[in-house]
Amino acid sequence: MSDAPVELAEESPREARRREFGVRLHELPLVIGLVVLWMMLWHEVSPLSVLSGLVIAVFVMRLFYLPPVELAGRLNVWWTLKYLGYFFWHLARASWGVAWLAVRPGPPPATSIIAVRLHTRSDFIMTMVALTNSLIPGSLVAEIDRFRSTLYLHVLNTPTQRELTQMRRSVYTIERLLLRAVGSKHEMRALA
């Protein structure tokens with residue numbers, strides 16, 4: 001038997017985080033959201049539902065651990081307003097376009113699945129671009145390749161290459177607006 005010290009295998013940060021019982025400050029919005037969801041499911045606001053919601057929220061957060069979303073920590077109000085204006089304008093325009101496609105006479109419109117490779121590597125920006133495109137009628141994100149930063153979109157009414165090019169341009173415009181609104185300084189420099 002040797003007297004050499006036995007080295008213990010270091011545990012990963014993920015395993016260490018799962019064993020913690022407390023809640024960190026940046027996790028509070030998630031805890032509050034889960035407790036509110038729990039109370040909505042039970043249709044009751046009481047001390048017992050709040051307490052049981054807290055227990056369930058911490059349990060779920062430790063069982064189904066998600067890596068923290070890294071935010072740039074900046075918000076440009078001007079570009080946020082431009083993004084919202086772009087979104088609401090295209091939301092209204094696309095709603096009328098899809099409504100017309102539903103009632104117009106003739107064959108059903110052609111559809112396509114296109115791949116759009118984004119410039120960003122940020123999970124947050126990628127998710128926001130995907131959600132924005134899915135909320136605008138006529139396009140739906142079918143899949144996201146996170147490692148290649150690629151969105152695969154199902155697009156309605158694409159009879160020619162022109163409509164496909166317009167859709168790609170629209171995705172890039174949304175990405176650019178979001179990067180300028182909430183992207184990091186590094187991503188802003190890469191945009192220029």
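Me: At what angle do helix 4 and helix 5 pack, and how far apart are their axes?

Reply: Helix 4 packs against helix 5 at about 30°, and their axes are 10 Å apart. The axes are lines fitted to C-alpha atoms, for helices over the stretch in contact, with angles from 0 to 180 degrees between N-to-C directions. Helices (H or I, at least four residues) and strands (E, at least two) are DSSP runs numbered from the N terminus. The model is predicted, and its local features need pLDDT of at least 70, side-chain atom pairs count only at pLDDT 80 or more, and totals for chains, interfaces and linings use all residues. Residues are numbered from 1 along each chain as its sequence is written, and side-chain values use heavy atoms, without hydrogens and water.

Me: What makes helix 4 roughly parallel to helix 5?

Reply: The angle is about 30°, and angles under 35 degrees count as roughly parallel, over 145 as roughly antiparallel, 65 to 115 as roughly perpendicular and the rest as oblique. Helix 4 is therefore roughly parallel to helix 5. Tyr83, Phe87 and Leu91 of helix 4 touch Met128, Thr132 and Leu135 of helix 5, where contact means heavy atoms within 4.5 Å.

Me: Why are helix 5 and helix 6 called oblique to each other?

Reply: The axes of helix 5 (residues 123-135) and helix 6 (residues 161-182) cross at roughly 135° and come within 10 Å. That angle makes the pair oblique.

Me: What makes helix 2 and helix 3 oblique to each other?

Reply: Helix 2 (residues 28-42) and helix 3 (residues 47-63) pack at about 125°, their axes 8 Å apart, and the pair is therefore oblique. Helix 2 passes helix 3 in a right-handed crossing. In helix 2 the contact includes Leu34 and Trp38, and in helix 3 it includes Gly53 and Ala57. The residues comprise 11 nonpolar, three polar and no charged.

Me: Which residues lie nearest the centre of the second largest pocket?

Reply: They are Arg93, Ala94, Leu156, Gln166 and Met167, out of 23 lining residues. Helix 4 (77-103), strand 3 (150-156) and helix 6 each give two or more residues to that lining. The lining has nine nonpolar, 10 polar and four charged residues.

Notes: 1 Å grid on protein atoms, 1.4 Å probe; cavity = no way out; pocket = protein on both sides within 12 Å on 5 of 7 lines; lining within 4 Å. Nonpolar A, V, L, I, M, F, W, Y, C, P; charged D, E, K, R; others polar. Left-handed = near helix turned anticlockwise from the far one by under 90°.
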